[in-house]
Amino acid sequence: MLRSLVGSEMCIRDRSVVGHSSKSGVAVDKLYKHADMIARMFVYFDKDCDGMLSSSEWNQGCDWLNSQLAPEDAIMEQQELFTVLDHDQSGTIDLNEFMEAFRITDADPE
């Protein structure tokens with residue numbers, strides 16, 4: 001579902017920022033099951049195309065995402081989640097911080 005929703009509006013960027021090279025791509029794909037879709041979602045949220053999500057961009061992105069989800073799946077504590085994702089406490093979320101959150105939640109219990 002998200003793949004079709006996120007793929008439409010994207011900033012034009014160097015593929016290496018939101019994609020990956022053939023060597024690193026294999027490693028990224030193993031760490032992140034849905035790496036391409038997650039990167040696209042980050043780019044969609046990043047309205048000013050600076051490679052960082054501000055609190056405002058994050059809240060707007062979550063609001064948009066919540067409008068696409070069932071009410072029981074909505075992101076309720078947006079600012080609290082922003083703070084958790086902002087590992088370096090810079091006040092913004094970069095692509096690595098964003099991807100890391102999905103790597104942790106996407107891990108297979110083996």
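How many salt bridges does the count come to by the rule used here (a side-chain nitrogen of Lys or Arg within 4 Å of a carboxyl oxygen of Asp or Glu)? The count comes to one. Before you go looking for it, a bit of housekeeping. This is a predicted model, where local features need pLDDT of at least 70 and side-chain atom pairs count only at pLDDT 80 or more, while totals for chains, interfaces and linings use all residues. Residues are numbered from 1 along each chain as its sequence is written, and side-chain values use heavy atoms, with hydrogens and water left out.

**Stop 1: the salt bridge**

Select Asp36 and Arg40: their side chains meet in a salt bridge, 3.0 Å from N to O. Both sit in helix 4, four residues apart, so about one helical turn separates them. (Helices here are DSSP runs of H or I, at least four residues; strands are runs of E, at least two; both are numbered from the N terminus.) Colour by accessibility and Asp36 comes out partly exposed at 24%, with Arg40 partly exposed at 29%. The cut-offs are under 20% relative accessible area for buried, over 50% for exposed and partly exposed in between, using a 1.4 Å probe and protein chains only.

**Stop 2: helix 4 against helix 5**

Now show helix 4 (residues 35-45) with helix 5 (residues 55-68). Their axes come within 9 Å and cross at roughly 115 degrees. Those axes are lines fitted to C-alpha atoms over the stretch in contact, with angles running from 0 to 180 degrees between N-to-C directions. On the helix 4 side, pick Met41, Tyr44 and Phe45; on the helix 5 side, pick Glu57, Trp58, Gly61, Cys62, Trp64 and Leu65. Contact means heavy atoms within 4.5 Å.

**Stop 3: the core**

Next, select Phe45, Leu53, Trp58, Ile93 and Phe98, the residues with the most contacts inside the largest nonpolar core, which has 19 residues. Such a core is a set of buried Ala, Val, Leu, Ile, Met, Phe, Trp, Tyr and Cys residues joined through side-chain atoms within 4.5 Å. Helix 4, helix 5, helix 6 (78-85) and helix 7 (95-106) each give two or more residues to this core, and the largest share, six residues, comes from helix 4. Centre on Ile93 and, leaving aside neighbours within four places in sequence, you'll find contacts with Phe42, Gly51, Met52, Leu53, Trp58, Phe82, Leu85, Asp86 and Phe98.

**Stop 4: a glutamine in helix 6**

Gln78 lies in helix 6. Buried or exposed? Gln78 is buried, at 13% relative accessible area. Not counting residues up to four places away in sequence, Gln78 touches Trp58, Asn59, Cys62, Asp63 and Asn66.

**Stop 5: two loops**

Jump to the loop between helix 4 and strand 1 (52-53), where Asp46 has its place. Asp46 counts as buried, at 0% relative accessibility. A polar atom of its side chain lies 3.3 Å from the backbone nitrogen of Asp50.

Cys49 lies in the loop between helix 4 and strand 1 too. Check its phi: about 55 degrees and positive, although Cys49 is not a glycine. Most residues other than glycine have a negative phi. Cys49 is partly exposed, at 38%.

Gln89 has a positive phi of about 55 degrees without being a glycine, and at 71% relative accessibility Gln89 counts as exposed.

Methods:
A polar contact is a pair of N or O atoms within 3.5 Å; within protein, one must be able to donate a hydrogen and the other to accept it, and residues adjacent in sequence count only if both atoms are side-chain atoms.
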